[in-house]
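Here are my notes on the model, point by point. Have the structure open while you read.

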Amino acid sequence: MNRVLKSYWGNPSSGYAKGKMSAQIIEKARENVAAAIGAHSHEVYFSSCATESNNALLKTVSNHFYPEKNKIISTPIEHPSVANTLEYLKTKGIDVQYCPVDSSGRVVLKELEAMIDDKTFLVCCMLANNEIGTIQDIKKISAMAKAKDALVFSDCVQALGKIPINVKELGVDYATFSAHKLYGPKGVGAWYAKISCPLEPYIHGGSQEEGMRAGTESIHNIAGFGEACKHVDKLISLSMKNEPLKKMFITELKEIKKDLIVNSPIDNCLVNTINLTFPGISSGELMKMLDYKGVAVSSGSACSASSNKPSHVLKAIGLTDDEAQESIRISFGVKTKDKHIKYALKVMKQYILEEKNVKELNSLVKLKESGL
Ligand code: PLP
């Protein structure tokens, strides 16, 4: 990226040599992204982030089909960049319906099948959930949609670099990606649109990105995305190595807190993601303490961190508001080591035991005050 910033300053749309050199950087990156997802490079479009990609596809595909077909079927656990775009589309006349998920966050396939009808132009389901890590059976979902002549859109942002992705094998028509989820730069995303599928311009202007997303490209970011995609296989195997660490972490936490609830499913789940409920403990307080001790965890998605509402994902899998407010999401990185997990366990143990002591003391004080 540094090299591109320093030397490839030519505008990729310009005909002079320096411009052509920049254009080559973009096309090389496009090939690398395409190779990482099993697509042809002319099916890959760059954008500023996955939020933009999700907006672009959902809005323009809806525009293409509406009003002849007006129905999208999605899930109640999508990332806010999909969920809020769907809510916006509802105000424009699109009939958005949500297929329920089970307690693991898995789409109830029988219900989905029954919901797809001849008005449905799109089935929209993420490949891996960002809060609990659930991986969906997108192949089956695609087959169901195809049987009823509907297209399939999948937000694959969390999955790239963690599990192998081949858009052709998944059978999806549209998919979205973000570089910063696989150690690439922030500020660049991509979308995949199958060659035969409808696509309309999202940002109008010049002819960049085949006229679908006009505007001079962020070449260094795109180069960074392409570079990250070259390492997808290595990232996946490094991520898989976290499996025993994850098991050890959960087992030891259960020793410390017997009523711990593990919201992430055991099977078909991203290895790096764990969602836990600590009954009786506020996730906000726990997060603050962990942050103070140098352990970065979150509740919900980063995009809804400021809303303070209980997570829509946890509610959809059956948690109460209180349980959702007592839940945190812990993510492992490819550099997470045994010693990091042990340190996190140590500080959590201290906090949980202290919290228990404070609660017991408070109830003793209450008992004394009531004269019992
Ligand atoms: N979709 C999912 C599943 C995500 O986890 C995220 C980001 O966390 C996004 C979309 C949005 O990505 P970006 O930050 O590139 O807009």
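1. Which strands make up the open sheet of 3 strands, and in what order? The order is S8-S9-S10, and the pairing is antiparallel. Strand S8 (261-262) and strand S10 (327-331) are at the edges with a single partner strand each, so one side of each has no neighbour in the sheet. Strands here are DSSP runs of E with at least two residues, helices are runs of H or I with at least four, and both are numbered from the N terminus. Two strands pair if DSSP finds at least two bridges between them.

2. Before going on, some ground rules. This is a predicted model, where local features need pLDDT of at least 70 and side-chain atom pairs count only at pLDDT 80 or more, while totals for chains, interfaces and linings use all residues. Residues are numbered from 1 along each chain as its sequence is written, and side-chain values use heavy atoms, with hydrogens and water left out.

3. Back to S8: 2 bridges join S8 to strand S9 (residues 273-277), running antiparallel. Ile 261 is the residue opposite Thr 277 in S9. Helix H10 (residues 243-256) lies across S8, S9 and S10, at about 10° to S9. Angles like this run from 0 to 180 degrees between N-to-C directions, with axes being lines fitted to C-alpha atoms, for helices over the stretch in contact.

4. Now the other sheet. This open sheet has 7 strands in the order S1-S7-S6-S5-S4-S2-S3, with mixed pairing. Its edge strands are S1 and strand S3 (95-98), each of which pairs on one side only. On average, neighbouring strands are turned by 20° against each other, direction ignored. For a parallel pair, look at strand S2 (residues 71-74) and strand S4 (residues 120-124), joined by 3 bridges; Ile 72 is opposite Leu 122 in S4.

5. S7 pairs with strand S1 (residues 44-47) in the antiparallel sense over 4 bridges, and Gly 189 is the bridge partner of Ser 47. Strand S6 (residues 174-178) also runs antiparallel to S7, with 5 bridges, and Ala 175 is opposite Tyr 192.

6. Is S7 covered or open to solvent? Mostly covered, as 5 of its 5 residues are buried; buried means under 20% relative accessible area, exposed over 50%, and partly exposed in between, using a 1.4 Å probe and protein chains only. In a regular strand the side chains alternate between the two faces of the sheet. In S7, Gly 189, Trp 191 and Ala 193 point one way, while Ala 190 and Tyr 192 point the other.

7. The structure holds 4 aromatic pairs. One of them is stacked: Tyr 45 and Trp 191, at 5.5 Å centre to centre with 15° between the planes. The pair links distant parts of the chain, with Tyr 45 in S1 and Trp 191 in S7, 146 residues apart. Rings of Phe, Tyr and Trp (its six-membered ring) pair if their centres lie within 6.5 Å; planes under 30 degrees apart are stacked, over 60 edge-to-face, and the rest tilted. Tyr 45 is buried at 10% relative accessible area, and Trp 191 is buried at 1%.

8. Helix H3 (residues 50-65) lies across S1, S2, S4, strand S5 (151-155), S6 and S7, at about 160° to S6. Helix H6 (residues 138-147) lies across S4 and S5, at about 155° to S5. Thr 60 in H3 is buried, with a relative accessible area of 6%. Not counting residues up to four places away in sequence, Thr 60 touches Asn 55, Leu 199, Glu 200, Pro 201 and Tyr 202; contact means heavy atoms within 4.5 Å.

9. Finally, check the loop between S6 and S7, where you will find Pro 185. Pro 185 is buried, with a relative accessible area of 12%. Leaving aside neighbours within four places in sequence, its contacts include Met 1, His 180 and Phe 225.
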